[in-house]
Amino acid sequence: MTRRPSIRDVAREAGVSITTVSRALNDVEGARLPDDTRRRVRETAERLGYAPNKMARGLRIQRSHMLGMISDHIATTPHAGRLILGAQEVAMTRGWALMLINTGGDPAAEARGVQALHQQQVDGVLYATMYHQVVTIPAALRGLPLVLADARTEGDGPPAVVPDEVRGGYDATRELLEHGHRRVGLALNSDDVPATHGRLQGYRQALEEAGIAYDPALVVREESESTGGYLACRRLLERTPRPTAIFCYNDRMAMGAYRAAAELGLRIPADVSVVGFDNQEYIADGLHPGLTTLQLPHYEMGAWAVDRLMELIDDPARNAGEVPARTLPCPLIRRSSVAAPSA
């Protein structure tokens, strides 16, 4: 065909009515179509290169079929970018577009971004942050279907999805305990954020379950960067007796643990085992030996958030009573940094 195929062409080729084509391609709720008819219509449309006019359909049902996603630094952070990927792939699978606005953490840029989402008449918004934190929702987003990703509000608020920080801290510590370690240090972030409290809680729960008394002297707080990890782990490893294993708040702090161990002549994992958090692959795979760590579920959070957002768009009442936030597991990724304690 030299012209753009129309719905009439699809109907004629498939041997059905135009109404049937519309119902089959747009998944009209309540349309009772035989599976073979629905399949034949879709195969014919694909063969002819026909796609439904989303704009015209949107005008009929008052929808743009566009979702907005406003975030702080996610678009510029490699490991957190998988949240965008998860959201985008689910949206595209359903025939929707995702409009991304990265604010850089600037309140003025956020205000302009929210205004742009309104101007584009998005049907719903994902409000996402680079790391798990408690946020205040911009007043201009009220009234729109809204889901938070890697963020939550205090008290009542929109649906939210975050990592299970407590279980992650528990699993990281448990991995060390199951290898026979009884003196486990914790290099912890000094910031007052949910991950700091959750991972500490999980660490304490694992120790308690194993019958090991919590020793606050084995918890050292520093900034959650390589330098902070180095300072925290240097202090831990200079203690007498020293810990035989260290759980680091994140992979960047674990980098510092490797440096501290090397300066003290300690081998990983022969003399000290190390577990990180985040699974930043360019760090975890790049260290020698490879770092055992917990993987943040960025992709899964993005996918869950779009699924939940589209439920809200279809039925706003489903928002009622969704507190607390949904937590997703952080899988343990085993590499070579953990072993039984040496004699």
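Visitor: How many disulfides does a search of the whole structure find?
Guide: This is a predicted model. The search of the whole structure turns up 0 disulfides.

Visitor: Which cysteine sulfur is nearest to that of Cys-248?
Guide: That of Cys-233, 4.1 Å away. A disulfide needs the sulfur atoms within 2.5 Å, so Cys-248 is in no disulfide.

Visitor: Is Cys-248 buried or exposed?
Guide: Cys-248 counts as buried, because its relative accessibility is 0%.

Visitor: And what about Cys-330?
Guide: Cys-330 is in no disulfide either. Its nearest cysteine sulfur belongs to Cys-248, 16 Å away. Cys-330 has 6% relative accessibility, so it counts as buried.

Visitor: New topic. How many aromatic pairs are there?
Guide: The whole structure has 2. In one of them, Tyr-203 and Tyr-214 sit edge-to-face. Their centres are 6.4 Å apart, with 80° between the planes.

Visitor: Where do Tyr-203 and Tyr-214 lie?
Guide: Tyr-203 is in helix H8, and Tyr-214 is in the loop between H8 and strand S7. So the pair ties together parts 11 residues apart in sequence. Tyr-203 is buried at 1% relative accessibility. Tyr-214, at 28%, is partly exposed.

Visitor: What about Phe-247 and Phe-277?
Guide: Their ring centres are 6.4 Å apart and their planes meet at 35°, so this pair is tilted. Phe-247 is in strand S8, while Phe-277 is in the loop between strand S9 and helix H11. They are 30 residues apart. Phe-247 is buried at 0% relative accessibility. Phe-277 is buried, also at 0%.

Technical notes:
Residues numbered from 1 in each chain as written. Predicted model: local features only at pLDDT ≥ 70, side-chain atom pairs only at ≥ 80, totals over all residues. Heavy atoms only, no water. Buried < 20%, exposed > 50% of the residue type's maximum accessible area, 1.4 Å probe, protein only. Phe/Tyr/Trp six-rings, centres within 6.5 Å; stacked < 30°, edge-to-face > 60°. Helix = DSSP H or I, 4+ residues; strand = E, 2+ residues; numbered from the N terminus.
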